[in-house]
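Thanks for coming, everyone. I'll keep this brisk. Please have a look at the model first, and then I'll walk you through it.

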Amino acid sequence: MPSAECDNLSMASHLPFLGPRQAMELQELSRKPKRSSSHTLGELLQHVGNSTVDPSHQILDVDGPVFQPAPSMPFVLAFHNLTYSVKVQRKILPACFSRSGGNNNPGNRDLIEHKSRMKVLLNDISGEAREGEIMAVLGASGSGKSTLIDALADRIARESLKGTVTLNGEVLESKLLKVISAYVMQDDLLFPMLTVEETFMFSAEFRLPRTMSRSRKKARVQALIDQLGLRSAAKTVIGDEGHRGVSGGERRRVSIGTDIIHDPILLFLDEPTSGLDSTSAYMVVKVLQRIAQSGSIVILSIHQPSYRILSLLDRLIILSHGQTVFSGSPGILPQFFAEFGNPIPVNEDKTEFALDYIRELESTPAGTKNLVDFNKTWQKRNPPSRSSSGPKLSLKDAISASISMGKLVSGATNMDPNLSSSVPKYANPFWKEMVVIAKRSITNSRRAPELFGARFGAVLVTGIILATIFWRLDNSPKGVQERLGFFAFAMSTTFYTCAEAIPVFLLERYIFMRETAYNAYRRSSYVLSQAIISIPSLLILSLAFAVTTYWAVGLAGGTSGFLFYFIFILASFWAGSSFVTFLSGIIFNLMMAYTVVVAILAYFVLFSGFFITRDRIPSYWIWFHYASLVKYPYQGVMQNEFDDPSKCFVRGIQVFDGSPLRSVPDSLKLKLLKSMSKTLGMNITSSTCLTTGSDILKQSGVTDIDKWSCLWITIALGFLFRVLFYFALLIGSKNKRR
């Protein structure tokens, strides 16, 4: 797409609800090099009132002259002497190392010394970014671009970062910064099965307050879609490797849109043009320019901007190995390098020349030291010009003014002296977050039914196989042993099929970290919502397995026995699902998670009491028996099957079925019974009951806990693992460098 066409597209999609005259005026203003007064998205929507959204055009009807220039309320983000170092390990090799065979010699491996040293990633970086402008951080790979963005966005632990970051002269608290800012990661972390419009709508539900009506939220989403130039892709799914979706440039703009739905004051972006073609990259930065002009401070890192992109940037900071080699407007680059003694040729691209020259200096013994020193001298001789458009407001007054103009839509209505408490930490209450998370998860599941279908198929096939193998078991001694095998395999199967739920959280882990890092919702809301929406699927799986196996195997108890069997299957699925969810919260690698889950479940089955009874387990392993998730369901269904005292499982000569005498003729077995009766002093006939259900339970060692206690313990373990999952998210998703 030609440059002029891109400009027209971006300008036409800027504010689609302007009339022709205002749109022409806006185009004229956009050609001016300096920033003109631009309205926030929220400010424009404040004038909508009860206007309607035309479903055919999806535009906002605005009546009357609503576009009065707002007074200048400038924000200034300043950072001074930012320094950040990390400890790295370095191998120190002895002088004789290479002569004696190097690392291949086993004797030398013990001679290797590991020494730690501090590597400086940021070294005394200072500068400022202003409202209405884009500040870009440039540099080669490893220069410290992303580190500086992380430092400004409070993604580095305060105790590790030296220096100060202030907004309008006041030090920014971490809690306040999360509310008034947004951070767009380099990777596009989006749900592939949601459309562009749905993605923005869910973001609006999270970031916009409950007091804002749904129609206003929809209007805001529609305006944002037009502002980002995504109207043609609004109904298209994001897509992934297996599903065709939006283009790379559109995906990047969607990522930006999800984080600016609430009109943040500060917007940080880590290489937003990475991986895009020149036209898509230009369109992305053009969108960022409009965001800045609406009253935001935009700070981004970029590897090497094109000439057109450079024309959209207001300030540059060029880094080399964590040090500033240039800071200022792109227009003064030629003058800067001319005074340094290396002028930029007339027909050369300014940034390309500067970055190439800096790379050449980095390869020399002296490095960029002279350029760093010259930049410090230059900054003293040419201090940045200060805005003279009006008095500099305090941070409290500036945020109040932004909120009154419709920016930073977070539910705040007024400001009190305590800034951190005046702007709500979360835009919505706990229950509202749960509803939105549940709705989004259900939408994703409905668009990808194969995940649940595979799990349902595995459970159903397993149930059919068990039903056909253990078909109509009788009450003979052999039938008893087969029942024990059925229960052990059935209970362990419910846990193994839960392993298929491992990818569910791992696939959205980084989306969760992005959203919670800037208070889109509470971690507790996510945990509870995921637990609640899992119950319907567990009910379906449990019912399918119970119906398939209970009557086919011939289990005892009738209707009440079936209900208890079904409830235990459901409790097992609940505990297994919670356990797998917890592990996915602490193990980030999918293959490793599968390996750990399968191994631990195998140990649970081993210590469940089927392969070796409780009284035969060594005392130093008995704790694992009680920690086994399989123990309690197995013990519960065993008691449900064999707790009828009137039911007999071994009568008369059946006592010999489990011994080598089972092949002896029945007449001889009867004689043996008579002989045993005389010896024991009791009458044992062919109809005498020798083993009841209680005897089987005692022999199996499953009488230490009653079946109802086993049920409550299984359910409680499910809740325990959900709580542990919450703490795993609380600790493991801080997303800050140390």
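**Rings, spaces and a record**

Let's start with a charge and a ring. The charged end of Arg-155 sits over the ring of Tyr-183, 3.9 Å from the ring centre. Keep in mind that this is a predicted model. A second case involves Arg-472. Its charged end sits over the ring of Trp-471, and here the distance to the ring centre is 5.6 Å.

Now rings with rings. How many aromatic pairs does the structure hold? The count is 42. Take Phe-353 and Tyr-357, which form a stacked pair. Their centres are 6.3 Å apart, with 5° between the planes. Where do these two sit? Both belong to helix α13, which covers residues 350–362. They are four residues apart there, so about one helical turn separates them. Are they buried or exposed? Phe-353 has 15% relative accessibility, so it counts as buried. Tyr-357 is buried too, with a relative accessible area of 15%.

Next comes a tilted pair, Tyr-550 and Tyr-565. Centre to centre, that is 5.5 Å, and the planes are at 40°. Tyr-550 lies in helix α22, residues 523–553, while Tyr-565 lies in helix α23, residues 558–586. The pair therefore ties together parts that are 15 residues apart in sequence. Tyr-550 is buried, at 1% relative accessible area. Tyr-565 is also buried, again at 1%.

One aromatic cluster is formed by Phe-579, Phe-582, Tyr-603, Phe-604, Phe-607, Tyr-620, Trp-621, Trp-623, Phe-624 and Phe-721.

The largest cavity holds about 170 Å³ of space. Which residues lie nearest its centre? They are Ser-203, Thr-258, Arg-440, Arg-514 and Glu-515, out of 17 lining residues. Three helices each supply at least two residues of that lining: α7 (196–207), α9 (248–260) and α21 (509–517). Of the elements, α7 gives the most, with five residues. By class, the lining of this cavity has nine nonpolar, three polar and five charged residues.

Now an open space. The second largest pocket has about 1500 Å³. Its lining comprises 47 residues, and nearest the centre are Ser-441, Ser-445, Leu-451, Val-504 and Glu-508. Several helices give two or more residues to this lining, namely α17 (430–447), α18 (450–469), α20 (502–506), α21, α22, α23 and α29 (707–732). Which element provides the largest share? That is α22, with eight residues. So we meet the helix of Tyr-550 again.

Last, the record. An unreviewed UniProt entry places the feature "transmembrane region" at residues 452–473, 485–507, 527–551, 563–583, 590–612 and 711–732. What does the model show over two of these stretches? Over residues 527–551, the chain is 100% helix and 0% strand. The end C-alpha atoms of that stretch are 36 Å apart. Over residues 590–612, the chain is 74% helix and 0% strand. There, the end C-alpha atoms are 32 Å apart.

That's the tour. Over to you for questions.

Key:
Residues are numbered from 1 along each chain as its sequence is written. This is a predicted model: local features need pLDDT of at least 70, side-chain atom pairs count only at pLDDT 80 or more; totals for chains, interfaces and linings use all residues. Side-chain values use heavy atoms; hydrogens and water are left out. Rings of Phe, Tyr and Trp (its six-membered ring) pair if their centres lie within 6.5 Å; planes under 30 degrees apart count as stacked, over 60 as edge-to-face and the rest as tilted. Buried means under 20% relative accessible area, exposed over 50%, partly exposed in between (1.4 Å probe, protein chains only). A charge sits over a ring if NZ of Lys or CZ of Arg is within 6 Å of the ring centre and within 35 degrees of the ring normal. On a 1 Å grid over the protein atoms alone, a cavity is a set of points where a 1.4 Å probe fits but cannot get out, and a pocket is an open set with protein on both sides within 12 Å along at least five of seven lines; lining residues have an atom within 4 Å of a point. Grid points are joined across faces, edges and corners, and a volume is the space filled by probe spheres set on the points. Ala, Val, Leu, Ile, Met, Phe, Trp, Tyr, Cys and Pro count as nonpolar, Asp, Glu, Lys and Arg as charged, and the others, Gly among them, as polar. UniProt positions are given in the numbering used here, feature names are shortened, and annotations may be inferred rather than shown by experiment.
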